[in-house]
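Please open the model in your viewer and keep the selection panel at hand.

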Amino acid sequence: MTQTVRGVVSKKRGEPVQLVDVVVPDPGPGEVIVEISGCGVCHTDLTYRDGGISAAYPFLLGHEAAGVVESVGTGVTAVEPGDFVVLNWRAVCGQCRACRRGRPQYCFDTHNAAQAMTLTDGTELTPALGIGAFIDKTLVHQGQCTKVDPAADPAAVALLGCGVMAGLGASINTGAVNRDDTVAVIGCGGVGDAAIAGARLVGARKIIAVDTDDAKLDWATDFGATHTVNARRGNVVEAIRDLTDGFGADVVIDAVGRPETWTQAFYARDLGGTVVLVGVPTPDVRIDMPLVDFFSRGGALKSSWYGDCLPERDFPTMVMLYLQGRLPLDRFVSERIGLEDIENAFAKMHSGRVLRSVVVLK
């Protein structure tokens with residue numbers, strides 16, 4: 001049997017999304033149907049809509065989600081009906097060279113559902129990041145489901161599915177921020193603020209937030225920034241050095257992904273310090289820098305993919321910290337909306353008026 005439910009689909013590049021009927025098949029081997037409770041509106045969904053990821057239209061958008069397992073296919077052992085789960089797009093295979101070497105956070109062959117969800121005319125949909133969660137119910141691989149404490153607010157913990165985990169992990173996993181470290185975060189949107197929250201969580205003694213928008217710097221302060229720098233009003237590198245006794249920060253996180261912000265991050269770190277790139281660059285950008293500067297400054301230059309997280313390890317811990325009041329996931333939820341409001345949420349994203357709009361379905 002199949003089910004027909006409501007879902008938000010992008011049918012053509014750059015055109016407004018549509019709320020349509022979507023056919024969801026019964027789960028096959030290793031597959032799970034999840035009834036979606038909440039799903040964040042992430043910039044990646046907008047990039048899908050605008051053709052910046054692939055041309056495999058139509059897309060079923062949404063990927064930053066939490067919900068309740070409705071049914072499972074044969075061979076599913078990770079979850080069972082009734083489990084509250086956060087969805088993830090890193091369902092590690094356990095067999096690729098990264099997994100075999102004990103580095104599953106770099107898995108090269110992550111799992112997705114084998115069956116396709118379709119429009120009512122049979123047209124197959126491409127689910128965003130293999131999930132497709134702007135929908136009443138979605139079909140995913142069991143490895144994309146991470147069981148967490150059901151006491152958590154779905155709208156808040158859904159954000160661990162992408163942006164918030166990317167920022168938290170950039171600090172905690174990739175940057176390995178430790179107590180007494182000095183940290184600077186360039187770009188104070190959702191990912192940057194999550195990086196700030198992560199740095200605060202592990203005890204960084206000084207956290208410097210950098211942005212061009214005073215409202216975003218105020219948000220950053222709420223998440224734990226101890227100092228702020230408006231990049232429009234002076235030299236970012238000098239400002240960070242002034243705030244770190246002239247040395248530079250131990251860890252600098254670029255949550256923007258532009259040549260100018262990465263260069264600022266590079267020169268604003270201490271000797272032997274770490275730069276973490278978590279903002280996603282566009283394919284056209286380049287950096288031209290003296291090679292001797294890379295040699296003479298030492299340290300580490302890292303990219304953070306999904307915050308180098310392992311969902312089964314990190315999601316339950318982050319939800320526990322949230323329920324203990326130590327991780328303010330609720331503050332990332334700027335508004336709660338319906339499926340019909342997603343196009344308007346994209347416009348608000350462009351304006352910088354929200355950290356996250358979250359679709360709430362139940």
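This is a predicted model: local features need pLDDT of at least 70, side-chain atom pairs count only at pLDDT 80 or more; totals for chains, interfaces and linings use all residues.

Begin by selecting residues 14-359, the span to which an unreviewed UniProt entry assigns the annotation "domain: Enoyl reductase (ER)".

Next, colour the protein by its two assigned domains, giving one colour to domain 1, made of 3-161 + 328-360, and another to domain 2, which is 167-304. The contact between these domains takes eight residues from domain 1 and 10 residues from domain 2, while their C-alpha centres lie 29 Å apart.

Now select helix H4 (residues 163-174) together with helix H5 (residues 190-201), which pack at an angle of about 45 degrees with their axes 7 Å apart. H4 and H5 are therefore oblique to each other, and their crossing is right-handed.

Finally, show the side chains where these helices meet. On H4, the contact is made by Gly-163, Val-164, Ala-166, Gly-167, Leu-168, Ser-171 and Ile-172, and on H5 by Val-191, Ala-194, Ala-195, Ala-197, Gly-198, Ala-199 and Leu-201. If you colour this contact of H4 with H5 by residue class, 10 of its residues are nonpolar, four are polar and none is charged.

Notes. Residues are numbered from 1 along each chain as its sequence is written. Side-chain values use heavy atoms; hydrogens and water are left out. Axes are lines fitted to C-alpha atoms, for helices over the stretch in contact, and angles run from 0 to 180 degrees between N-to-C directions. Helices (H or I, at least four residues) and strands (E, at least two) are DSSP runs, numbered from the N terminus. Angles under 35 degrees count as roughly parallel, over 145 as roughly antiparallel, 65 to 115 as roughly perpendicular and the rest as oblique. A crossing is left-handed if the near helix is turned anticlockwise from the far one by less than a right angle, and right-handed if clockwise. Contact means heavy atoms within 4.5 Å. Ala, Val, Leu, Ile, Met, Phe, Trp, Tyr, Cys and Pro count as nonpolar, Asp, Glu, Lys and Arg as charged, and the others, Gly among them, as polar. UniProt positions are given in the numbering used here, feature names are shortened, and annotations may be inferred rather than shown by experiment. Domain bounds come from an automatic or database domain assignment.
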